Amino acid sequence: MQQLQQLFTRHFGVSPLETIPMAGAGSNRKYYRLKGGDGVSVVGVIGTSREENHAFIYLSNHFTKRQLPVPAVIAVSDDEMRYLQDDLGSTSLFDALKGGRLAGGRYNLKEQNLLLETIRQLPNFQIRGARELEWENCYPQPEFDLDNVLFDLNYFKYCFLKPTELDFHELKLEADFRLLAKDLLSEPTDSFMYRDFQARNVMLDAEGHPSFIDFQGGRKGPYYYDLASFLWQASARYPDKLRWRLIQEYYYSLKDFIEVPSKRHFVNRLSLFVLFRTLQVLGAYGFRGYFENKQHFIDSIPPAISNLRQMLEAQDFHYPYLTDVLKRLTQLPSLAQQEEKPRTRKDGFKTDQSNIHQAHHNDGPATFSKYDGKGPLVVRVFSFSYHKGIPDDASGNGGGYVFDCRSTHNPGRYEPYKLLTGLDEPVIRFLEDDGEILTFLNSIYQLADAHVARYIQRGFTDLMFSFGCTGGQHRSVYSAQHLAEHLNRKFGIEVRICHREQNIEQTLQATTP
């Protein structure tokens, strides 16, 4: 540490005021935050491998010239065993996503946007970062190759598969390993493979923009690897919908840099790297857990096995013996997560196994609603004047939706329309020619359609929409009538209309059986 402080002094001309140890990463390197006067703060690194340090220093300088978001190297010792780099702060993407992980994969919009911005940056790093890069500076090797793949697959076999005592034919498994390796390496690539692309290696600035660290293990290799590594990290528990949205975001971002294969080909290739990465991770978990007895890695095995099980159910891999071994592996009771038993609420409602809502494993089973399954749905639509109050809901359900039409152009302010209503042709022409009411209703149609569809699905019996304006005569009447006709036409359900201030009631009969 003293030599690191001397490096700071040599570069800045003053001694550091503080030297604070930082949490270590996966390697044996040590990190310190060194602070000087005038707000100067840098990160000092003491490495154990000159070659590894050299790789980081070279890559950092190269990426900085390419204007990629990485920490610039500020000063390097003569022997390259220690160096100073930009301080990117203390908030990693992993830290920022903590809430979503603790919620079992329910990431809020802010967290999703962080993921989207990060994944958009990855192709920039992989493609632009590879241009003019001198691969011989990479550590421990310049390129992802056959030896790489077979080493990791055998790491899985010896450190994870064998300790489970699952019976398998080693030569048949080795043959499929070689087929998988051949497929993984079948496409030539000139991209930079980050190798350790994960949320812990992405730092966020004060505005939440990502920068990238710990890329010293990178090398020339296929871009699919990093995407698979990031999105199928077991502990992240990304829901399928979010994961595929991130894949799509990555795919279109990649198109900005290179000509990309078809989506179908891209997804098929990606699935091979997801399989490979999952086996690679299980190998690491086996070694750290089974041989080094580290509980964190043992606890990480069930979610990784769950990932593998879902993958095998969704994808038909052309490695029959490997697939058979993996399916038998996922069925071992010792590796499976305990299934939560259905519960019964104290009020007597039992779990609804046919519930249309997809249960989240953190929530346990859902219960029946006493309103479910009654049907059929009847929708009631009102128009009213705000001066006379919002219509009462006789059903006891609380009144449903209330929409305020007063932001739209009012035909009641013009003499020709004062004695007419929103049902009369001149008023309809006025409103539709002006167009504001159409934009207003388009938003409501989307909301109402989704709500009605779900109520029909659940067998609910009543839903109420109310539209208010100044006098309950023009805009609210037009809106109520058009929503009622739209819902009756689209869903074939009974819709009851009440234009309260006009003393007009109408029933649109159901057309569905």
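Modeller: Let us start with a helix pair: α5 and helix α9 (residues 240–254) pack at an angle of about 35 degrees, and their axes are 9 Å apart. Helices (H or I, at least four residues) and strands (E, at least two) are DSSP runs, numbered from the N terminus. The model is predicted, so local features need pLDDT of at least 70 and side-chain atom pairs count only at pLDDT 80 or more, while totals for chains, interfaces and linings use all residues. Residues are numbered from 1 along each chain as its sequence is written, and side-chain values use heavy atoms, with hydrogens and water left out.

Colleague: Which residues of α5 and α9 meet?

Modeller: In general, two packed helices are described by the angle between their axes and the distance between the axes. Axes here are lines fitted to C-alpha atoms, for helices over the stretch in contact, and angles run from 0 to 180 degrees between N-to-C directions. On the α5 side, Q112, L115, L116, I119, R120, L122, P123, Q126 and I127 take part; they meet L242, R245, L246, E249, Y250, S253 and L254 of α9. Contact means heavy atoms within 4.5 Å.

Colleague: Is the crossing of α5 and α9 left-handed or right-handed?

Modeller: A crossing is left-handed if the near helix is turned anticlockwise from the far one by less than a right angle, and right-handed if clockwise. For α5 and α9 the crossing is right-handed.

Colleague: At what angle do α14 and α15 pack?

Modeller: Helix α14 (residues 436–458) meets helix α15 (residues 475–491) at about 40 degrees, the axes being 10 Å apart. That angle makes α14 oblique to α15. Angles under 35 degrees count as roughly parallel, over 145 as roughly antiparallel, 65 to 115 as roughly perpendicular and the rest as oblique. α14 passes α15 in a right-handed crossing. Among the residues that make the contact are L441, I444, Y445 and A448 of α14, and Y478, H482, L483 and H486 of α15.

Colleague: What span should α7 have, residue by residue?

Modeller: The expected span of a helix is 1.5 Å times one less than its number of residues. Helix α7 (residues 170–184) has 15 residues and should span 21 Å; its end C-alpha atoms are 21 Å apart, which agrees.

Colleague: Which residues of α7 are buried?

Modeller: Buried means under 20% relative accessible area, exposed over 50%, and partly exposed in between (1.4 Å probe, protein chains only). An α-helix has 3.6 residues a turn, so residues three or four places apart point the same way. In α7 the buried residues are L173, E174, D176, F177, L180, A181 and L184. Seen down the axis of α7, these fall within an arc of 165 degrees, so they line one face of the helix; the arc is that of the directions from the helix axis to the C-beta atoms. L171 and K182 are exposed, on the face of α7 turned away from its buried side. The buried residues of α7 pack against α6 (146–161), α10 (263–291) and α12 (320–330).

Colleague: What covers the buried residues of α2?

Modeller: Begin with the span: the 16 residues of helix α2 (residues 50–65) should span 22 Å, and its end C-alpha atoms are 23 Å apart, which agrees. Its buried residues include F56, I57, Y58, L59 and F63. Their cover includes β4 (73–76), β5 (82–86), α5 (109–127) and β6 (192–193).

Colleague: Where is a positive phi found just after α2?

Modeller: Q67 has a positive phi of about 60 degrees there. N293, in the loop between α10 and α11 (295–314), has phi near 55 degrees, a positive value in a residue other than glycine. N293 is exposed, with a relative accessible area of 60%. N503 also has a positive phi, of about 55 degrees, although N503 is not a glycine. N503 lies in the loop between β13 (494–499) and β14 (504–508) and is exposed at 70% relative accessible area.

Colleague: Which residues does a cis peptide bond join?

Modeller: Y139 and P140, with omega about 5 degrees. P140 is in the loop between α5 and α6.
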